[in-house]
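Welcome! Have a look at the model below, and then let us walk through a few of its details together.

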Amino acid sequence: MSSLSIGMLGVVALFGTILLGVNVMVALGLVGAFGLASLVGFNAATAILGTVFFDTTHSFHFSVIPLFLLMGFFAMRAGLGEDLFEATTKWLGNLRGGLAISTTLGAAAFGAASGSSVGTATVFTKLALPQMLDRGYDKSLASASIAIAGTLAVMIPPSALVVVYGILTDSSIGSLLIAGFIPGVVFSIVLCIAIWLTVFRNPKLAPLQHQHFTLREKLASLRLAGPLVLVIIVIVAGLYLGIFTPTEAGAIGAAFTFFLAIIRHRGLKGVELKKTLLETIRTSAMIFAILICALLFSKFLALSGVANAVGGYLTGLEVNRWVIVVLVSLIYLALGMMMDAPALLAITLPITHPVMMSLGFDPIWFGIFVVLLVEIGAVTPPVGINCFVVQAASEGRVRLEQIFRGLVPFVLAGFAMLILLCLFPQIALFLPETMR
Amino acid sequence: MKNLERLRASYGVVLTQCGLLAGILTFAVMCLVVANALLRFIFNAPIAGTLELTESALPLMIFLSLALTQLKGEHIKVVLLTQHFQAPLQRFVKVIAMLLGALLFAWAAYAGWNMAMKSFAIGELERGSIRFPIWPVKFAVFFGLALLAIQFLLDAIYCAMGGKLAGDEAGEAQ
């Protein structure tokens, strides 16, 4: 059997085993290891297996992942979502669709700190959904705006998922993190516009209700929210100016949110340090297991020549390169409906990344583009994970169909954002290209 | 079955202790990296060895928690298709999936053991602004991989005997 057919067989085996419920890391690792063994022999494959586990984790730069995760879990423990939501509603609650807009911006800031799409959606369902429904907001609009706002978490730095892309594709982690900032902010604004337009067309969806807050009350709401936004800005600025590395940014962010959690609970007890640390290491282990096995699989694919063959075939097609972009996007949207983001990146990037590079796309730009795609996948049926999370956290207030129905304008907003990124790649590339 | 449950539970206690160690290391790394950044920024006096210590701590953090994550059923899997299977078939594919996990990580542990022994034999050092032997970290990698292989094997036996694994409920909800 030729190397190429072994490679093709490997890809089929990967998807087959994943669909049969084998852990994604096991599927990637097994196909990778057996594939390598059939190409270079058992001993060589064992040697690769021995080194890949140690070498991938023996890294200062990759320590950024557990540190970002730690920051996120501390931010949740500190209950910072509450403060952010209180602050945004006091400042923006009186706008048309104000509560939904406040939710979007509060979730953007909280998501930046937590880096977790699912975590952010859970927190804001508990905080914002009851308030919106009390004020007579339409159930679909209220729940869908929360589901989509959760996705902002993985775009705005610091974000562990962006680091995962960086490790899988050997791209600069610092540049990638910085690159997500402007697109994240622009996407938040696009979502706010989508809310405003939806409510403008049908004002019944979100009744206006004026509540007056004095400036003192508004400023008081910034107590903990202000410092959090400040630390995110410090992290972004520090990375941009080259004052510290991503790993240091993660450690500083984690230490800072740890202190905010202590302040919130007036002591260590409420922080539940043991539980937080265990959650952090379990999530880190989950991400790294997939990463390492994906690297093994990717070595196998490269060696078998499949990655090159697919790339060569696609670049050989006499079609506009944007046709390929549309094709790749459709693949991500389809697969994004089936599995979680890190797994999705792990099984697709070994093929899509070389193809996109051979078509002349920028690796940093593609990273941001893919992360946005994956996140749109996270809200689309049948397995829109964020929608399930919102439904589960709503305690029966909304039904799944209501959430999906409400998502139409936001998914369209997502597509608008994808088009914006294609038309103006500078949205993602301006900061990394000018950073020190 | 009772004995198996007891064995799984006590094995879980060991894994939780390993996980706690990993968690404490994560917190320690956070403190070290922050201290280093601050001292460098303010006094221009970084802590020697921060880079080497951090990079050697990461394998410990990851490999000491791999098996615990499996025990809790938190490694990503896709249940889109298998959730529609009849119960016996569902259990059958689950047992196979766990056995495949045991196979992969037993192989990886064997490879890790070879690598660690080689490192021990040559007295391999972490090189940088401070020096220390790196082979204990490589043995920890082997240890973590072996723990995971055993956990997969326990899960396979447990599932074959009709036990319910952690994470199954979450999978069914999706």
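## Bridges across the interface

Across the interface of chain A and chain B, the rule finds 2 salt bridges, a salt bridge being a side-chain nitrogen of Lys or Arg within 4 Å of a carboxyl oxygen of Asp or Glu. In one of them, A:R282 pairs with B:E74, and the closest N and O atoms are 2.6 Å apart.

This is a predicted model, where local features need pLDDT of at least 70 and side-chain atom pairs count only at pLDDT 80 or more, while totals for chains, interfaces and linings use all residues; side-chain values use heavy atoms, with hydrogens and water left out. Residues are numbered from 1 along each chain as its sequence is written, and chains are lettered from A and ligands numbered from 1 in the order in which they are written.

## How the two chains meet

The contact (heavy atoms within 4.5 Å) takes 64 residues from chain A and 63 residues from chain B. The size of an interface is often given as the accessible area lost when the parts come together. Here the two chains bury about 5,300 Å² between them, 82% of it on carbon and sulfur atoms; buried area is the accessible area (1.4 Å probe) that two parts lose on being put together, summed over both. In chain A, the residues that lose the most area to chain B are A:F54, A:F60 and A:R282, together 12% of what that side buries.

## A buried threonine

Is A:T169 buried or exposed? A:T169 counts as buried because its relative accessibility is 10%, and buried means under 20% relative accessible area, exposed over 50%, partly exposed in between (1.4 Å probe, protein chains only). A:T169 sits in helix α9 (residues 160-169) of chain A; helices are DSSP runs (H or I, at least four residues), numbered from the N terminus. Leaving aside neighbours within four places in sequence, A:T169 is in contact with A:L349 and A:H353.

Most residues other than glycine have a negative phi, and most peptide bonds are trans. The peptide bond from A:P157 to A:P158, however, is cis, with omega near -5°. A:P158 lies in the loop between α8 (139-150) and α9 of chain A.

Although not a glycine, A:R266 has a positive phi of about 50°. A:R266 belongs to the loop between α14 and α15 of chain A and is exposed, with a relative accessible area of 78%. A:E272 is found in the loop between α14 and α15 of chain A, and A:E272 counts as partly exposed at 36% relative accessibility.

Note on methods: Helices (H or I, at least four residues) and strands (E, at least two) are DSSP runs, numbered from the N terminus.
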